[in-house]
Amino acid sequence: GGSVETFKLAENINLYLDEVGALKQLSKNKRASALANKCGFGDVPFFGDMYIGRVVSGRNMDFTLSDMDPSAKWMIEAPIYNLNKQAEQHAAGLSPVGMEADAINAVGGGGEGYKWAQTPEDVEVTVPLPSPETKARDCKITFARRSLNIVIRNGSSFSFEPLFGDIHPDDSTWTVSDGSLVITLEKAKEGMVWSTLS
């Protein structure tokens, strides 16, 4: 027995599963649990096979393999969408489901040659320096409202433009510490969750 249950991952994106998969002792679906976690739901145990689909205005729409790429727009926006839904539920006196705001704010990322993290107030970008001899004078950092440019002599250069959100350039800082360049961007909108750096 059992029927299909819908688990809403993001706006218009649903995961379809067997509602009694755990009772049937189906094997854990770690991939589906990881996907829900990336969308802001914390550790949700799923069991058995499932499929994912897009529904817009009650109609099934194409959901392609490229939609499963971690850089897909829906997947980047999902934690913010779910955090906003959680806030709406809280305001309505309902019990919210998913990650707390602090857990989503702790989400960061990285790329080749850098990593980033955030708090409700700022975003911190860390770039390893090419050698122990690299000093602050070898680094050129340029801040603007929606961009960050980094040039390190004999090292890397990065251009993050546009940034995910606005920053206060005059209140953003940088320092060289323990073999790394550490840049602190002050968010213009405190509490805004950045799902990507740029």
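T126 sits in strand β7 of what is a predicted model. With a relative accessible area of 14%, T126 counts as buried, because the cut-off for buried is under 20%.

So who are its neighbours? Setting aside residues up to four places away in sequence, T126 touches G113, Y114 and K115 on the one hand, and S180, L181 and V182 on the other.

## The nonpolar cores

One of those neighbours, L181, turns up again in the largest nonpolar core, a set of 20 residues. L181 is among the residues with the most contacts inside that core, along with V125, L148, I150 and L197. At least two core residues come from each of these strands: β6 (114-118), β7 (122-128), β8 (139-144), β9 (147-152), β10 (157-160) and β12 (180-186). There's also a second, separate core, with 19 residues, including A32, L35, M50 and A72.

Which residues does I150 contact, leaving out neighbours within four places in sequence? The list runs V127, K140, I141, S156, S157, F158, F160, L181 and I183.

## The β8-β9-β10 sheet

Three strands line up as an open, antiparallel sheet in the order β8-β9-β10. Here β8 and β10 are the edge strands, each pairing on one side only. On average, neighbouring strands in this sheet are turned by 5° against each other, if you ignore direction.

Zooming in on one pair, β8 and β9 run antiparallel and share six bridges. A144 has S147, in β9, as its bridge partner. As a general point, strands of a sheet pair through backbone hydrogen bonds, either parallel or antiparallel.

Note on methods
Residues numbered from 1 in each chain as written. Predicted model: local features only at pLDDT ≥ 70, side-chain atom pairs only at ≥ 80, totals over all residues. Heavy atoms only, no water. Core = buried A, V, L, I, M, F, W, Y, C linked by side-chain atoms within 4.5 Å. Buried < 20%, exposed > 50% of the residue type's maximum accessible area, 1.4 Å probe, protein only. Helix = DSSP H or I, 4+ residues; strand = E, 2+ residues; numbered from the N terminus. Contact = heavy atoms within 4.5 Å. Pairing = 2+ DSSP bridges. Axes fitted to C-alpha atoms, helices over the stretch in contact; angles between N-to-C directions.
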